[in-house]
Amino acid sequence: MSNRIQIAIDRGGTFTDCLGRIPSQSPNDPPRDIVIKLLSHDPANYADAPTEGVRRILEQAYKISLPRGDKIDTSNIDYIRLSTTVATNALLERKGERHALVITKGFKDLVQIGNQSRPSIFDLAIKKPEVLYHGVLEVDERVTLVGYTSDPKARENAVQFDLDSPDTQDDYVTKITKEYSGTDKPPSAYDEQGRPTGPPEIVRGISGEAVAILKKPDEALLKKQLHALYHEHGFRSLAVVLMHSYTYPLHEQIIKRIALDIGFQTVSCSSALMPMIKMVPRATSSTADAYLTPVLQAYIDGFFSGFEDSLRSGAAGTKIEFMMSDGGLTSVDHFSGLKSIISGPAGGVVGMALTSYDAQDKRPIIGFDMGGTSTDVSRYDGQYEQVFETTLDGITIQSPQLDVNTVASGGSSRLFFRNGLFAVGPESASAHPGPTCYRKGGPLAITDANLVTGRLAVEMFPKIFGPNEDQGLDVDASQSSFEELTSEINAHSSSERKLSVDEVAQGFIRVANEIMCRPIRALTEARGYSASKHILASFGGAGGQHACSLARSLGIRTVIIHKYSSILSAYGMALADRVFEHQEPSSETWTGEHGDARKRIEQRVDQLRSKVKKELEAQGFKPDRIHLQTLLNLRYEGTDTALMTLQPEGGGWDFERVFVQKYEQEFGFVLEDKNVIVDDIRVRGVGKSFDDLGQTVLHEYRSLFPNGQAIPITNLDTLQKLATRKVYFDPQGRLDTPIIKLNQLNHGTSINGPAILVDQTQTILLEPKCVASLTSQAVLIEILYD
């Protein structure tokens, strides 16, 4: 059995979490894990955090010395799985690649105009986000659809094609068996001067709709125009967005071919990124991809530069895989800026789902990922919840993503006293300089508030600070800064009662907790789910310090904190599957599971499933390890909101029933008199990377505590403690709180709060009226209510 190490790395805004796993050498031995946590940005000591993480893991695993700066040999590594926030940060900070937008003539201002949505309708000083592109090239080309979908006799009037005919043009069927018989005849084709040239050529688009080709692009003129963009204006990246390219992408493909021949390094075609009907989100998504992919590629090139050439060439046999926003892994070749927007949080969602959900218990899971810079919240109820259109910093992105709500409240979120109010964030102290206690002269942050109230076990916090990376947190600096802030707050107050440092620090913690509760309520109560009927799965470096408080605020009774909670995003990547998807547009009206539309759609689904399966097999997966899912993007006729609907369990075709249930859950009503339209057909292929994780946390808990009630240990004196210190709790004040190492507790042990449970990478604050029970994989906390 191979002992090649497996490495997963999550590069966050503040910390980079690394997990190295050496597979077991015999069936009876568990794999050996190596956990590394380091600052994401520490230019005084290393250039790239993931490369440094790999170096440290290899040193520990094989007891060798690898000097910094030397290229690393990866022959002993099975795979390296990475997530990155590089693209996200480039978008937020507007530090992407300078690029040009290539668009159908007459639509150069489309992205600037947008879709007229007004998210802040009562804002008195609205500032529109700037577009990402720096130049526009209008292409004189045009296609249009024959007929219109709201025609009551649309199918009766539609053009009919001979699908068995060998007569095709560029893979599009051209032989017509029945002409269009409606009133909305297509306009005449036209030449370069706009003069009519006669009836347009009509072909069958990918969606099944008839497409009239009014004007083909002039390839000689295109070559001249793109040559000028490249040589005279210095563009190296293009976003290509043409009318109706979702169903007829040929003209975009022509532009891409010419651009690549000229030398453009990145050409982002909307029809390839997301072939969906709406042009505005297709356009903004394409510009985002052209803006971010070069930055991402530069980062990937920089990562590879730290290793021997055999890694990139494949000679070392080491697979490099990246976590996509939809929770699946992909190869370097298929990774792009658009797929990496929430690459980091996606790993945490996968880890949360696979480690916390119990099919027998069936309670849905709320994922609470509190890191250094932000907090990510997600929900899992046996299926990953995905969205296909999101808006990030004013940019609408059309790409499959896990449904993750993010707020700027993390361990490094800065603390302010503004206009008589306590404020937390959104500004972050980041990793450099970091909070005050990081010994870099940084500002006060949530980590400092937890430190001065006694909630952090400084004895176990990683000693990675100071000029030599060998010092712990600076408690005195945090205390001194809070004393100054407390004096300022008391001076501003007209009350005779003066606040203490503890009360001020606890006040900021309460504000931060409320900020983090908001996205949880948005994912649950705002969608018709009771937050109190969920389990809170807490992870991230700072999650354990706030989990009990958040659970009590939301009425939640059970909290699960995995043993790798502080690096769960990296652990989730180690468990994640390889994913490949294929999507095509459709224009069918659903006529039931036994109707004609189902037969036509099923035929297209079979073709897509074959393509997806073939791709995963080419990536090395055996047929028995490939799982295929079919989804239809459905909406009510006359509405604008489509819901991606998963095929019913067992492979049935009653999509309408699933769609209606999902629609009613989401919006509180259904439109019984409306037809259901199929906008898109999607097949998602999953290459399974593992067989079984063993029993779940809740299953083990039920076996350890069969009566459902753990018996708390009342005599904590029998346990070895790191220390006992007074920790501030609201409203009790300072209470004697033991600090206990998790590895001192046996599985099946339960203890009463207050207590602080620690290991090398995490601190769990067990508040009063809480009971913690230990399993082999996690700490399970029961929140007690009066």
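This is a predicted model: local features need pLDDT of at least 70, side-chain atom pairs count only at pLDDT 80 or more; totals for chains, interfaces and linings use all residues.
Residues are numbered from 1 along each chain as its sequence is written, and side-chain values use heavy atoms, with hydrogens and water left out.

**Entry on Glu209**

I placed Glu209 in the loop between β14 (201–204) and β15 (210–215), where helices (H or I, at least four residues) and strands (E, at least two) are DSSP runs numbered from the N terminus. I found Glu209 buried yet without a salt bridge, the nearest side chain of opposite charge being Arg635, 8.1 Å away. Buried means under 20% relative accessible area, exposed over 50%, and partly exposed in between (1.4 Å probe, protein chains only). A salt bridge is a side-chain nitrogen of Lys or Arg within 4 Å of a carboxyl oxygen of Asp or Glu; for charge, Lys and Arg count as positive and Asp and Glu as negative, with His and the chain ends not counted. Leaving aside neighbours within four places in sequence, I listed the contacts (heavy atoms within 4.5 Å) of Glu209, among them Leu145, Tyr246 and Ser587.

**Entry on the domains**

I took the division into domain 1 (5–92 + 304–339), domain 2 (94–294) and domain 3 (578–687), whose bounds come from an automatic or database domain assignment. The centres of domain 2 and domain 3, taken over C-alpha atoms, are separated by 25 Å, and the contact takes 12 residues from domain 2 and 13 residues from domain 3. Between them, domain 2 and domain 3 bury about 940 Å², 48% of it on carbon and sulfur atoms; this is the accessible area (1.4 Å probe) that two parts lose on being put together, summed over both. I counted one salt bridge between domain 2 and domain 3.

**Entry on Glu130**

I found Glu130 in the loop between α3 (110–113) and β6 (135–139), where Glu130 is exposed, with a relative accessible area of 57%. Not counting residues up to four places away in sequence, Glu130 touches Arg94 and Ile395.

**Entry on salt bridges**

The count comes to 41 salt bridges. I looked at Glu52 and Arg56, whose closest N and O atoms are 2.9 Å apart in a salt bridge, and saw that both lie in helix α1 (residues 49–62), four residues apart, about one turn of the helix. A network of salt bridges links Glu52, Arg55, Arg56, Glu59 and Arg68.

I then turned to Asp403, which forms a salt bridge with Arg527, the closest N and O atoms being 2.7 Å apart. Asp403 lies in the loop between β25 (401–402) and β26 (405–407) and Arg527 in the loop between α13 (501–523) and β29 (535–539), so the pair ties together parts that are 124 residues apart in sequence. Asp403 is buried at 9% relative accessible area, whereas Arg527 counts as partly exposed at 21%.
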